[in-house]
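Biologist: I am new to this structure and would like to learn how to read its features step by step. Could we begin with the strands and then turn to the aromatic rings?

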Amino acid sequence: MQLLLLATPAHADRIKDIATLNGVQSNQLTGVGLVTGLDGSGDQTTQAPFTAESFAAYLDQFGIPMPSGQNFQLRNVAIVSVQAELPAFTKPGQNIDITVSSLANAASLRGGTLERTLLTGIDGEVYAIAQGNLIVGGLGVEGADGSSITINVPSVGRIPGGAQTVREVLTAFNIGEHITFNLKRADFTTARRLSKAVNDFMGAGTAEAVDAVSVRVRAPADPQARVAYVSELENIQVEQGEASARVIVNSRTGTIVIGEHVRVSPAAITHGSMSVTIAESFGVSQPNPFADGETVVVPQTAINVTEEDSRMFLFDPGTTLSDIVQAINAVGAAPGDLAAILEALKQSGALRADLIVI
């Protein structure tokens, strides 16, 4: 069992580390293309006929028609999904990384080349064109007898700088008289402190907290002046508000994270365990030599019940984090038992914190 204590010492963070600018975010691009040059590890077109149809449409762009009514086995071609993240302010001509993953039954994309693929945004417009040789970290090997071994995932690859942008995504950075900082973690205290820090640095009335997430700041209209202005703002130090009291339990790994402000009301807890062991064996019943009987096998069952001494500990009013940790260590609870204890405390109303099981 791993027990972690989550404390939040008072220290200041830069605005750029705790907030983002409204309207300045990356955009997701997607596309569907073909990977060629595979060494027999591509799609089996009998099970994925759309691969052959896509390949025929691709060749048709170059004036190469494919005969209709024929079933082609394109084992060196795979239909793939292409994904990319277009950062804010990316200009036409700049390159971005792309991820390529198989859409059908290709065994591996290793050694393949992505043919020209159009990447579109949520509005349906083309923002980048992808193409290039794949880097595949996975490996798959199959023997003649059907045995196989696979390392990682060979049906997914990446192409660093594999897409070139052709269109810029417009942002709201230079629009309006204000810019808005959105906190990464909603907190009224942090929003108030952020607006106060900006006002102390830039002058009263410059910033105002809109809600627990957004802080609106007056900004100059000139784009060049606005860039310098934001550069000054994002380096202002702000002390974040402390998070609410929480206990996080990872039921799979047994990791427990207890927040600094967790408190427990007066409560008594007993913890014990009982183990029941059932062992079944077989004995042979042998009659006397001159008796008129038969040899038979007789089942013998032994049941053993063992119960550990129950242990009880008491939480007094205002129990702190260190008291909880000492009690948990003293009881020697297993991860499953500890989760049950915390859940029982929560249900009884003694645990003054949010209990989150992941």
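Predicted model: local features only at pLDDT ≥ 70, side-chain atom pairs only at ≥ 80, totals over all residues.

Biologist: In which sense do β16 and strand β17 pair?

Modeller: Strand β17 (residues 255–259) and β16 pair in the antiparallel sense, again over four bridges, and here asparagine 250 has threonine 255 in β17 as its bridge partner. As a general idea, the side chains of a regular strand alternate between the two faces of the sheet.

Biologist: How many aromatic pairs does the structure hold, and why is the pair of tyrosine 58 and phenylalanine 62 classed as it is?

Modeller: There are two aromatic pairs. Planes over 60 degrees apart count as edge-to-face; the rings of tyrosine 58 and phenylalanine 62 have their planes at 70°, with centres 5.3 Å apart, so this pair is edge-to-face. Tyrosine 58 is buried, at 17% relative accessible area, whereas phenylalanine 62 is partly exposed, at 48%.

Biologist: Which parts of the chain does the pair of phenylalanine 89 and phenylalanine 173 link?

Modeller: That pair is edge-to-face, with 5.9 Å from centre to centre and 85° between the planes, and it links distant parts of the chain, 84 residues apart: phenylalanine 89 is in the loop between β5 and β6, and phenylalanine 173 in the loop between β11 and β12. Phenylalanine 89 is partly exposed, at 36% relative accessible area, while phenylalanine 173 is buried, at 10%.

Note on methods. Residues numbered from 1 in each chain as written. Heavy atoms only, no water. Pairing = 2+ DSSP bridges. Helix = DSSP H or I, 4+ residues; strand = E, 2+ residues; numbered from the N terminus. Phe/Tyr/Trp six-rings, centres within 6.5 Å; stacked < 30°, edge-to-face > 60°. Buried < 20%, exposed > 50% of the residue type's maximum accessible area, 1.4 Å probe, protein only.
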